[in-house]
Amino acid sequence: MFVELNNLLNTNPDRAEQGKLTLLCDAKTDGSFLVHHFLSFYLKANCKVCFVALFQSFSHYNIVGQKLGVNLTVARERGQLVFLEGLKSAVDVFFQTQEEPHPLQFLREANAGNLKPLFEFVREALKPVDGGEARWTYPVLLVDDLSVLLSLGVGAVAVLDFIHYCRATVCWELKGNMVILVHDSGDVEDEENDILLNGVSHQSHLILRAEGLATGFCRDVHGQLRILWRRPSQPTAQRDQSLTYQYKIQDKSVSFFAKGMSPAVL
Amino acid sequence: MLDSLLSLGGLVLLRDSVEWEGRSLLKALVKKSALCGEQVHILGCEVSEEEFREGFDSDINNRLVYHDFFRDPLNWSKTEEALPGGPLGALRAICKRTDPGPVTIALDSLSWLLLHLPCTTLCQALHAVSHQDSCPGDSSPVGKVSVLGLLHEELHGPGPVGALSSLAQTEVTLGGRKGQASAHILCRRPRQRPTDQTQWFSILPDFSLDLQEGPSVESQPCSDPHIPPVDPTTHLTFNLHLSKKEREARDSLILPFQFSSEKQQALLRPRPGQATSHIFYEPDAYDDLDQEDPDDDLDI
């Protein structure tokens, strides 16, 4: 969890808002540092986290998580973290016996229909346990990342329906949060990705967009972060809800500064 | 003109974008209809009923009929709660009502319907709904039907958006500048020229519309009145200023190529002490000496 990013977003693990969908999007750079931030943020907030990790392996997230002060192996054993490792379980679809539909069942189908089995997996993972006292504060769904589903053959509307159902269950019914990462390829030909990105943008309450610098790679400034707040519960008179910062990623933290104010330049 | 959008009836298209969202304007127009005593139906596909009703007080909420397509629109939970016929079935059922009186239908959102239904089906249904009051041969008088559709522009190609736009009597495109929202309203009245107008507005916390003048002219991004203009001649190592005597001497200086009357007299009058100069010329063999003066005909 990056403390500077918490300050920019005016939040901390003890008093985060609930029922919100946060969209992480990256263009011409790698925005996965935001995924690691939110994973460690919600684990420290004592939330029950369901992580649909389609992009990297469990050990990758574990190594980075340890630098940020969370241990994913322990969290998984305690039952706080439910981890769907896409890279490993994609193979299980073919070699496992078919009792109930596998979350990644769409890989077997010639015509990838809908993501209902994946939604059922998420709902099962995050539903409150009856009969026991509430160990966790609220449920959180983390997805890294949604563009992988498009490249696996699922249609953009099917992915949007999956997000819709997750939002209805996680955000509205269970009063939890969702954090989704979508890549912005910037490619004008990729209409499906544009529909997906815009569709999720319209549903989200907070958009964090990490962009590479327009002038290219720089050693001291790794990129620019645009923060856009949307859908406040009460309409505010002033609609100035967007901020832009530049950042540099270090080994265990990320430092943020106003545009042009990098310490290397001053 | 923004507050009289619904008086014309027909389809009103609210086109919004990620940066300038349109749901608050939709809710403000719904509140206006409810306060006018109309019956208001909401086809809610994108937000939950609680979220849509939030911010309205109870007498408005009592007038709103919410058709919930948010919780389980595709019937994945396989329960009997799903409304039969889907959103279009609900739309047709609203129009088959027997009581006369104006009705407002809010579609939240038209984008959801366009992504899940064929464009032609949706356009036919909207045409049937919004032109119902001009349908001849119907014995029972039907009141005016207004349909408010929220459309997220970036999600659709130009074809479907163009088709919906041609069906609409009024199109409102949301935009803005520097934190101030604006609505560009294009209105097509029958047998009249389409009119367009831009209206700056804001939505108050109780979802009433506040019409405003645009952002003030002084607040242009180039000039900032809070920063005083910087004088570049301060803090220099050399002197750029002139004293009074230096300024007078500079002003009285005659430039070398400026032809004034004094200079003319000085040139014409030979200077004393200077002998006139002679030119000694030895003509060559090739020279053509013409005694006639070629400048004789000039009148100086």
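Hi everyone. When I call a residue buried today, I mean that its relative accessible area is under 20%, while exposed means over 50%. One thing to keep in mind as we go: this is a predicted model.

Let's start in chain A, with helix 3, residues 58-67. Which residues of this helix are buried? They are A:Phe58, A:Tyr61, A:Asn62 and A:Gly65. Looking down the axis of helix 3 of chain A, you'd see these buried residues fall within an arc of 105°, so they line one face of the helix. And what do they pack against? Their partners in chain A are helices 2 and 4, along with strands 2, 3 and 4. After helix 3 of chain A comes A:Gly69, with a positive phi near 95°.

Now over to chain B and helix 7, which covers residues 158-167. Here B:Val161, B:Leu164, B:Ser165 and B:Leu167 are buried. Down the axis, the buried residues of helix 7 of chain B span an arc of 160°, so they too line one face. On the other side of this helix, B:Pro158 and B:Ser166 are exposed. The cover over the buried residues of helix 7 of chain B includes strands 1, 5 and 6 and helices 5 and 6 of that chain.

Last stop: cysteines. B:Cys119 is partly exposed, at 25% relative accessible area, whereas B:Cys123 counts as buried at 14%.

How values were computed. Residues numbered from 1 in each chain as written. Chains lettered and ligands numbered in written order. Predicted model: local features only at pLDDT ≥ 70, side-chain atom pairs only at ≥ 80, totals over all residues. Heavy atoms only, no water. Buried < 20%, exposed > 50% of the residue type's maximum accessible area, 1.4 Å probe, protein only. Helix = DSSP H or I, 4+ residues; strand = E, 2+ residues; numbered from the N terminus. Arc of directions from axis to C-beta. Contact = heavy atoms within 4.5 Å.
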